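Thanks for coming, everyone. Please take a look at the sequence and the structure before I start talking.

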Amino acid sequence: MDKAFTYKTKIYYEDTDAGGIVYYANYLKYFERARTEMIYSLGYDHKKLNQNDVYIVVRSCHTDYEKPVKFEEEVSVVTKLSKISPVRINLIQSVNVNSEVRVIANVELAVIDQSGKPKKMPEDLYKSFKSCI
C-alpha cells in the first residue's frame with residue numbers, strides 16, 4: 001500500500017438532503033468504507049480479525065466540513081496514517097472532489113477484544129500499518 005489509500009465513490013440521491021447536498025452523517029459512512037477497504041488492501045479483513053478476538057473500533061472522530069459535496073459528484077476518500085501504537089491507530093481522512101478537500105476528519109481507532117478491553121493488535125498487522133506511515 002502507498003502512503004495514502006484512496007477509495008472512490010459517486011454521490012447518489014440517497015446520500016443527500018432535500019437540497020442535493022450530502023447529509024453530514026453520511027461522511028462517516030464514507031470514512032468507514034475507506035478504512036475497511038484500506039484493511040483489505042493490507043491483506044486483512046474484519047471477519048478474520050474478529051475470529052482472533054481483534055476488533056478495530058472508532059474511539060474518536062473530529063470532522064470539519066469545509067465545503068459541501070453535492071449529488072452526482074465523484075469523490076475520493078483519502079486515508080493517511082498519522083500515528084500508530086500496538087493498540088491505537090490515528091488517521092487523517094478527507095473527502096475530495098478533484099483535488100479540493102471538502103471534508104476532513106481526524107480519526108482515532110482503538111484495538112479491543114470482544115469484551116471491549118484494549119488489546120494489542122497482531123504483530124504482522126501492526127507492521128503492515130506501520131509501513132504506511
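Tyr44 is buried, with a relative accessible area of 17%. Buried means under 20% relative accessible area, exposed means over 50%, and partly exposed is in between, with a 1.4 Å probe and protein chains only. Tyr44 sits in the loop between H1 and helix H2 (46–51). Helices (H or I, at least four residues) and strands (E, at least two) are DSSP runs, numbered from the N terminus.

A word on the source. This is a predicted model, where local features need pLDDT of at least 70, side-chain atom pairs count only at pLDDT 80 or more, and totals for chains, interfaces and linings use all residues. Residues are numbered from 1 along each chain as its sequence is written, and side-chain values use heavy atoms, with hydrogens and water left out.

Back to Tyr44. What does Tyr44 touch, not counting residues up to four places away in sequence? Ile39, Leu49, Asp124, Leu125 and Ser128. Contact here means heavy atoms within 4.5 Å. Take Ser128 from that list. Tyr44 and Ser128 are 84 residues apart in sequence, yet 9.7 Å apart in space, C-alpha to C-alpha. Ser128 has its place in helix H3 (residues 123–130). Ser128 is buried too, with a relative accessible area of 17%. Leaving aside neighbours within four places in sequence, Ser128 is in contact with Leu42 and Tyr44.

Next, helix H1. It covers residues 26–41, and Tyr27 and Tyr30 both lie in it. Its 16 residues should span 22 Å at 1.5 Å a residue, and the end C-alpha atoms are 23 Å apart, which agrees. The expected span is 1.5 Å times one less than the number of residues. Which residues of H1 are buried? They are Asn26, Tyr27, Tyr30, Phe31, Ala34, Arg35, Thr36, Met38 and Ile39. Just after H1, Gly43 takes a positive phi of about 95°.

Now the aromatics. The structure holds five aromatic pairs. In one of them, Tyr27 and Tyr30 are edge-to-face, 6.0 Å centre to centre, with 85° between the planes. The rule: rings of Phe, Tyr and Trp (its six-membered ring) pair if their centres lie within 6.5 Å; planes under 30 degrees apart count as stacked, over 60 as edge-to-face and the rest as tilted. Tyr27 and Tyr30 are three residues apart, about one turn of the helix. An α-helix has 3.6 residues a turn, so residues three or four places apart point the same way. Tyr27 is buried at 2% relative accessible area, and Tyr30 is buried at 1%.

Tyr27 also pairs with Tyr65, and that pair is tilted: 5.7 Å centre to centre, 55° between the planes. Tyr27 is in helix H1 and Tyr65 is in strand E2 (residues 55–65), so the pair ties together parts that are 38 residues apart in sequence. Tyr65 is partly exposed, with a relative accessible area of 41%. Tyr23, Tyr24, Tyr27, Tyr30 and Tyr65 form one aromatic cluster.

On to the sheet. It is open, with five strands in the order E1-E3-E4-E5-E2 and antiparallel pairing. Two strands pair if DSSP finds at least two bridges between them. Which strands are at the edges? Strand E1 (4–10) and E2, each pairing on one side only. On average, neighbouring strands are turned by 25° against each other, direction ignored. E1 and strand E3 (residues 74–84) run antiparallel, joined by seven bridges. Phe5 has Thr79 in E3 as its bridge partner. H3 packs on the sheet, touching E2, E3 and strand E4 (88–97), and its direction makes about 115° with that of E3. Axes are lines fitted to C-alpha atoms, for helices over the stretch in contact, and angles run from 0 to 180 degrees between N-to-C directions.

For Cys61, the nearest cysteine sulfur is that of Cys132, 19 Å away. Cys61 is partly exposed at 36% relative accessible area, while Cys132 is buried at 1%.

Last, some backbone angles. Most residues other than glycine have a negative phi, and most peptide bonds are trans. Asp53 has a positive phi, near 60°. Asp53 is in the loop between H2 and E2, and counts as partly exposed at 26% relative accessibility. Glu72 has a positive phi as well, near 70°. Glu72 lies in the loop between E2 and E3, and is partly exposed at 49%.

Technical notes:
A disulfide is a pair of cysteine sulfur atoms within 2.5 Å.
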